[in-house]
Amino acid sequence: MKKYTDQHRGGACSTETNSINGKPVLLRPNARTVLNLKSRAFAEKLLCDSSHDNEGVTLNPGDACVFRCSFCYVGLQMIKVDKPILENFNAGRRARGEHELGFEDVVIRRPDPVGLLRKQLLHGNGRSRFPDPDDNRVIFGSTLVDVAGTMELLRETASLANLMLNNTAWQIRLLSKSNLLARLFSDNLIPERHRHRLILGFSTGTLSDDVAAAIEVGTARVSKRIRALHWLQDEGYRTFGMICPSLPPPDGDYERFSREICEAIRIDRCEHVWAEVINLRGKSLVRTLAGLHQAGLRREADALSAVMGSSNKAAWERYARDTFCAHTRHVPADKLRFLQYVDDSTAAWWAGQRKHGAVLLGKAAVKRKLSSIDG
Ligand code: SF4
């Protein structure tokens, strides 16, 4: 087996300062779980399998990530849970005359995630709570943090994965913005006998290292992620594609954008390919625009600006549809999983695209029974 040795540029974990990527590391001591057994939203996205009750299983070893993506929505989701931790931490900073930090400025981990998982997977006598050998559902990690942000976090992910692999028949889908993910296998962190039960993928919403550096701060260069993906594919491991989030191409050439990115991730070797335009939640667009401007990426910023705001709703919808239609020409329908939030005015058009790979999300989709697990 060819050794995979690529290093990750931004993932150094300093124990002396107890910070990662310049972010202080906090613990949420009241965390009781790392598995969420009621992840309907991610089952709807087809990232994990839904069971009889339409719920999926997701793995979350932490609450706040080592990276800082402009479009990240985790802060919005977790701030209620983590507010006391953050306030306590900021009280200490204020007392020292330091400025307060926001959710995106810190890493929040859960203490003893392997112990928490053991309690969720095993009865007190050590027997598995999920012993069915035919229960080979796919679970997904993570919805809150990057599972391979540093070698320390990757080792934690490996321990969690091995516990699941040894005590269930589940398959595990792992997504990362770090090339370190491939070292699960190249460093033998997962035994060979289990590797066919893992499906690994990297977020690659752009092929430009400059764009990624501007909006996905601290992550590995996209070129490194692609190299890690190719290594996994060349070694015969299972992979999936994740073209998320993709910005409007500055030259308006969606066809070229899709063709180049699909070639880069080798569609034929990916089991499935997820794709999505940038999320509209919170300040994701404003922050992304600011990141592009700060990096001097004016053309990219102008292209995003042109589809933003309440007066550009039609342009926004065109950006989503053009991205989707371009992908349908490069990704077979049974592989494509294009995630699209719909509303009352757009649901009908997208409903007609489900057969080509559109996965409809949001209240309007659920109301019309158009979500992937209802329809
Ligand atoms: S890698 Fe994912 S979880 Fe981490 S900051 Fe980026 S979007 Fe958020």
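Two strands pair if DSSP finds at least two bridges between them. Helices (H or I, at least four residues) and strands (E, at least two) are DSSP runs, numbered from the N terminus. With those terms, strand β5 and strand β9 (residues 138-141) pair: two bridges join them, and they run parallel.

This is a predicted model; local features need pLDDT of at least 70, side-chain atom pairs count only at pLDDT 80 or more, and totals for chains, interfaces and linings use all residues. Residues are numbered from 1 along each chain as its sequence is written.

Now look at the whole sheet. It is open, with nine strands in the order β4-β5-β9-β10-β11-β13-β14-β15-β16, and its pairing is mixed. β4 (35-36) and β16 (358-361) stand at the edges; each has a single partner strand, so one side of each is left without a neighbour in the sheet. Strands of a sheet pair through backbone hydrogen bonds, either parallel or antiparallel.

β4 and β5 (residues 58-59) run antiparallel and are joined by two bridges. Leu-35 faces Leu-59 of β5 as its opposite number. Leu-59 also has a bridge partner in β9, namely Gly-141. Next comes β10 (residues 171-176), which pairs with β9 in the parallel sense over four bridges. Here Ile-139 stands opposite Ile-172. How does the chain get from β9 to β10? β9, α4 and β10 make a right-handed β-α-β unit. A crossover is right-handed if, with the strands pointing away from the viewer, the path from the first strand over the helix to the second runs clockwise.

Stay with β4 for a moment. Asn-36 belongs to this strand. Is Asn-36 buried or exposed? A residue is buried if 20 or more other C-beta atoms lie within 10 Å of its own, exposed if 12 or fewer, and partly exposed in between, with C-beta atoms placed from the backbone. Asn-36 has 22 C-beta neighbours inside 10 Å, so it counts as buried. Two residues are in contact if their C-beta atoms, placed from the backbone, lie within 7 Å. Not counting residues up to four places away in sequence, Asn-36 touches Thr-58 and Asn-60. Thr-143 is 107 residues from Asn-36 along the chain, yet their C-alpha atoms are separated by 9.9 Å.

Now turn to the core. A nonpolar core is a set of buried Ala, Val, Leu, Ile, Met, Phe, Trp, Tyr and Cys residues joined through C-beta atoms within 7 Å. The largest one has 98 residues, and those with the most contacts inside it are Ala-64, Val-107, Leu-181, Val-273 and Leu-360. Helix α4 (residues 151-167) gives the largest share of this core, seven residues. In soluble globular proteins, nonpolar side chains tend to be buried together. Take Leu-181. Leaving aside neighbours within four places in sequence, Leu-181 is in contact with Ala-148, Leu-174, Ser-176, Leu-200, Phe-202 and Ala-228.

Which residues surround the ligand? They are Cys-65, Phe-67, Arg-68, Cys-69, Cys-72, Val-74, Val-145, Asp-146 and Lys-177. Each counts as near because its C-beta atom, placed from the backbone, lies within 6 Å of the molecule. This shell divides into six nonpolar, three charged and no polar residues. Ala, Val, Leu, Ile, Met, Phe, Trp, Tyr, Cys and Pro count as nonpolar, Asp, Glu, Lys and Arg as charged, and the others, Gly among them, as polar.

Ala-43 lies in helix α1 (residues 40-44). With 25 C-beta neighbours inside 10 Å, Ala-43 is buried. Thr-328 is in helix α11 (residues 313-328). Thr-328 is partly exposed, with 17 other C-beta atoms within 10 Å. Beyond four places in sequence, the contacts of Thr-328 are Leu-336, His-356 and Gly-357.

Finish with the backbone. Most residues other than glycine have a negative phi, and most peptide bonds are trans. The bond from Gly-141 to Ser-142 is cis, with omega near 0°. Ser-142 sits in the loop between β9 and α4. The bond from Cys-244 to Pro-245 is also cis, with omega near -20°. Pro-245 is part of strand β13 (residues 239-246). Asp-112 has a positive phi, near 45°. Asp-112 is in the loop between β8 (107-109) and α3 (113-121). Lys-369 has a positive phi too, near 55°. Lys-369 follows α13 (363-367), and with 8 C-beta neighbours inside 10 Å it counts as exposed.
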